[in-house]
Each structure stands twice: as C-alpha cells, then as structure tokens.
Amino acid sequence: MFNMPFQRCYSLVSMTRPVATNLITRFISRSPRLGQCLPKDTDKSQDNIMIPESNILSNTKTDDGGYTLEPHSNLNNNASATPVARIQQIITSVPNEDSLDDSEIDETLPEPLDRCTEDISDIGPYLTPTCTFAKYANKSRTVQQLVKLGVSLYKLESNPDVVKFILGLDFERDIQPYIRFLHDCGVPANYLGKFLTKNPHILKVDMDDLHTRIRYLRAHEFSTDLIKDIICNNPNWLLYSTKDIDGRLGYFQATFKLNGSEVRFLTSKAPKVVTYKMSHLMSNTLTIKEDMEFDPRQAKVLLIKVPKIWVKNRTRLLDTFEYAHNEMQLQRNFVVQMPHILLCRKTRLQQRHSFLVEMKRAQYDPTKPMYVSPRDLISGTDVDFCKNIAKTSVEVYNEFQKLF
C-alpha cells in the first residue's frame with residue numbers, strides 16, 4: 001500500500017533515453033506533488049517520514065549501451081548528503097488540508113438558532129433607496145449639518161433624485177465650499193438654509209462656473225449690493241449660464257429701449273422675471289402691446305414699475321385689463337400710473353367695484369371729491385376695504401356678495 005503512490009513518480013522517469021542521476025533526484029526533490037504521494041493514514045505525530053530505499057532509484061549502464069533504473073541501497077547511509085533529507089523537510093513543511101478535524105474549530109462560534117445579542121443594525125449598504133431624509137437623520141453628518149443650517153429638507157423630499165444626490169455628499173468636502181461662496185456674495189448667514197432649500201441644484205454646478213457668473217455681473221457694473229439682491233431674491237439665478245443671462249437682458253434692453261441703469265434696476269428688482277420662461281415673456285409683451293394697445297413708452301413704464309405683469313397668466317391679465325378699461329372706465333394713461341390693478345383677479349375687482357357702485361362711491365377721478373384709488377381698491381382685506389373705502393360694515397358687504 002505504501003508503494004502505490006510512488007508508482008506514478010516511477011512511471012514519470014521510466015524512459016528509454018539516458019537520464020542522469022542528478023536529474024532524477026532533482027525532479028523528485030522539487031516535485032510540488034510529492035506530498036500527494038503520501039498515504040492518508042500517516043500518523044500526524046511523526047516528525048520524520050521514512051522512505052524505503054528501494055523506491056529511490058539510480059541509473060546503471062548496461063552492456064549494450066543502454067540504461068536501467070535500480071534501487072539505491074546506500075541512500076540513507078548519509079542522509080545529510082542525499083536529497084532524502086530535503087524531501088523529508090518538504091513533506092513535513094507542506095500543510096495537509098485533509099488533517100483538519102472538529103477539535104480545531106472554535107467552540108465559541110454561535111449556532112444558527114442562537115439568540116443574537118449584538119447590534120447589527122449597521123450591517124448592510126450605506127445608502128439604500130429612500131424618499132425621506134428621516135431614515136439617515138441619526139447616521140448622516142450631512143443631513144445633521146443641513147438641519148442645523150436651517151435647510152427645510154422635507155421640502156426636498158418631493159424629488160427623489162435630490163434626496164439621493166444630497167445623501168451622497170460629504171458636508172465638509174462637497175457643501176462647505178458653496179456655503180463659503182454664497183457668504184462671500186453677500187448672502188446672510190441666516191438665509192443660507194432658505195437659499196439651499198429653494199435651490200439645492202446649485203451644489204451640482206461647478207465652482208468655476210459660479211465665479212464666472214458673478215464676474216459677469218461685476219463686469220456690467222452691478223454693485224455687490226445689487227448682486228446680493230439678485231441671488232437672494234432669485235436663488236435659481238446662478239443656475240443660468242452667462243450666455244443665457246446676457247441674451248435675456250439683451251431682449252429687455254432692445255424691446256423696451258432700456259439704458260444700462262434701467263437694465264440693472266429691472267434685474268435687481270425682478271430677477272425672477274429675467275429668468276422666467278422666455279416664450280411666456282414674449283407672449284405677454286405681445287398682449288400688452290397689441291391686445292391692450294399700450295404704446296412702447298407706456299409698456300416701458302409698466303415694465304419698470306410692475307415687472308410681475310410679465311409673469312402673470314396671459315388670459316387673466318387681459319380679462320382684468322378689459323374689465324378695468326371697459327367697465328370701470330379707466331384710461332390707459334391712468335392704468336399706467338396705477339399698474340398694480342392689472343395684478344388683481346378679475347373676480348375680486350368686479351366684486352368690490354360693483355359694491356362701490358351700489359354704495360354710490362365708485363369715483364376714480366383724482367380731480368373730483370370722494371376719489372378712490374384703484375390701488376386701495378384692490379389692497380387689504382374685506383374689513384379694511386369696508387372700513388376705509390366703502391365706509392360700511394363688512395356684514396353688509398358679505399350680504400351683497402351673496403346676491404352677486
């Protein structure tokens with residue numbers, strides 16, 4: 001049984017051509033599979049493994065010029081001078097993977113059904129799909145710092161992409177540079193949270209692009225105070241490239257014949273109008289000039305005084321103007337002086353005007369007694385209107401509305 005494993009080693013060197021003795025011994029000593037030639041039931045306590053002399057072969061030349069393999073009988077006489085000692089060292093140093101038993105397994109390992117007393121709540125992916133920041137409120141430093149900054153995270157949860165994006169940011173590395181930039185632009189510290197709530201997408205814009213957009217405003221003589229008003233009143237301003245902003249400012253300047261100071265005034269007063277949908281702005285411009293028949297000078301005054309007119313719904317804007325012009329008999333020059341009336345809903349304007357007509361107080365000519373300012377007509381609550389304009393109680397006005 002012991003000789004069987006070495007039979008394969010013997011067959012490897014049984015060739016008809018001459019084989020040198022040193023070549024055979026070098027092959028046996030360096031063979032990486034020598035450990036596989038050992039029997040499986042060898043005693044593990046043995047430090048030395050005895051190899052029979054008959055299994056270590058040598059070459060002997062025959063009379064006809066050939067070679068034959070014969071056992072070397074004196075190989076163990078000088079173990080230190082033969083490859084046997086080296087073979088023994090190799091065999092004893094090779095780990096035997098088949099020698100493991102149950103006694104070597106740590107007995108303290110828990111069984112599958114044992115009660116688990118260890119906190120394993122943190123095991124799993126760091127970021128799993130979620131649509132709310134509350135899941136990571138106790139784990140994410142970014143979420144904790146944004147809350148301290150005053151960001152209303154619940155308002156951002158309507159967009160799952162924004163939630164995923166923010167959770168993947170590092171506060172010190174990815175957010176602090178933007179906070180420092182906004183503070184340098186004049187954004188107050190107590191407004192930074194509100195700013196990021198309105199425009200979290202600024203964290204996706206390259207910092208060099210942000211600096212370029214500020215330099216554009218400075219190059220067009222916008223002061224630091226004006227720049228502060230622009231980005232505070234319209235946090236999304238910094239999302240637009242300098243090319244887009246330049247094209248929009250050029251549109252207002254060319255269409256309404258504005259000079260540089262008027263462009264800067266319009267931009268700082270109504271930055272949201274400048275960045276509004278361009279098709280809507282052009283549509284309202286056409287309505288004001290063509291449907292309402294305001295001349296270019298009047299249209300320019302309307303833009304400077306109340307630029308919000310350009311973002312109002314076109315149909316509602318035209319309905320309000322037609323009622324004020326046709327029913328209330330307000331001329332265009334008077335509307336230009338009191339342009340806020342165009343921002344009022346037609347229903348509200350109609351109710352209050354009809355009530356003043358019923359009370360014999362509908363007088364909008366400033367040169368006559370009992371003058372009623374159109375701006376006061378549309379401003380304030382019903383109580384203020386009844387007390388200051390109609391000179392009656394709110395109960396009477398409410399009864400009138402039931403019949404209206």
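A: A salt bridge is a side-chain nitrogen of Lys or Arg within 4 Å of a carboxyl oxygen of Asp or Glu. This model is predicted, so local features need pLDDT of at least 70, side-chain atom pairs need 80 or more, and totals for chains, interfaces and linings use all residues. Numbering runs from 1 along each chain as its sequence is written, and side-chain values use heavy atoms, without hydrogens and water.

Start with the count. Searching the whole structure turns up eight salt bridges. One of them joins the side chains of Glu221 and Arg264, with 3.7 Å from N to O. This pair ties together distant parts of the chain, 43 residues apart. Glu221 belongs to the loop between helix 8 (207-219) and helix 9 (224-233). Arg264 belongs to helix 11, which spans residues 260-269. Helices here are DSSP runs (H or I, at least four residues), numbered from the N terminus.

Now ask about cover. Is Glu221 buried or exposed? Glu221 is exposed, because its relative accessible area is 58%. Buried means under 20%, exposed over 50%, and partly exposed in between (1.4 Å probe, protein chains only).

Move to another pair. Arg141 and Glu172 meet through their side chains in a salt bridge of 2.5 Å, N to O. Here too, distant parts of the chain are linked: Arg141 sits in helix 4 (residues 141-149), Glu172 sits in helix 6, and 31 residues separate them.

The side chains of Asp174 and Arg173 form a salt bridge, with N to O at 2.9 Å. Asp174 is buried, because its value is 18%.

Return to helix 11, the place of Arg264. The loop between helix 10 (242-256) and helix 11 holds a Lys worth a look, Lys257. Lys257 is not a glycine, yet its phi is positive, about 55°. It is exposed, because its relative accessible area is 64%.

Another Lys has a positive phi. Lys360 has a phi of about 60° and is not a glycine either. Where is Lys360? Lys360 lies in the loop between helix 17 and helix 18 (374-378). Lys360 counts as exposed, because its relative accessibility is 71%.

Helix 17 itself gives a contrast. It spans residues 346-358 and includes Phe355. Phe355 counts as buried, because its relative accessibility is 1%. In sequence, Phe355 and Ala390 are 35 residues apart. In space, their C-alpha atoms are 8.0 Å apart.

One more Lys remains. Lys198 is part of helix 7, which covers residues 192-198. Lys198 is partly exposed, because its relative accessible area is 42%.

Key. Helices (H or I, at least four residues) and strands (E, at least two) are DSSP runs, numbered from the N terminus.
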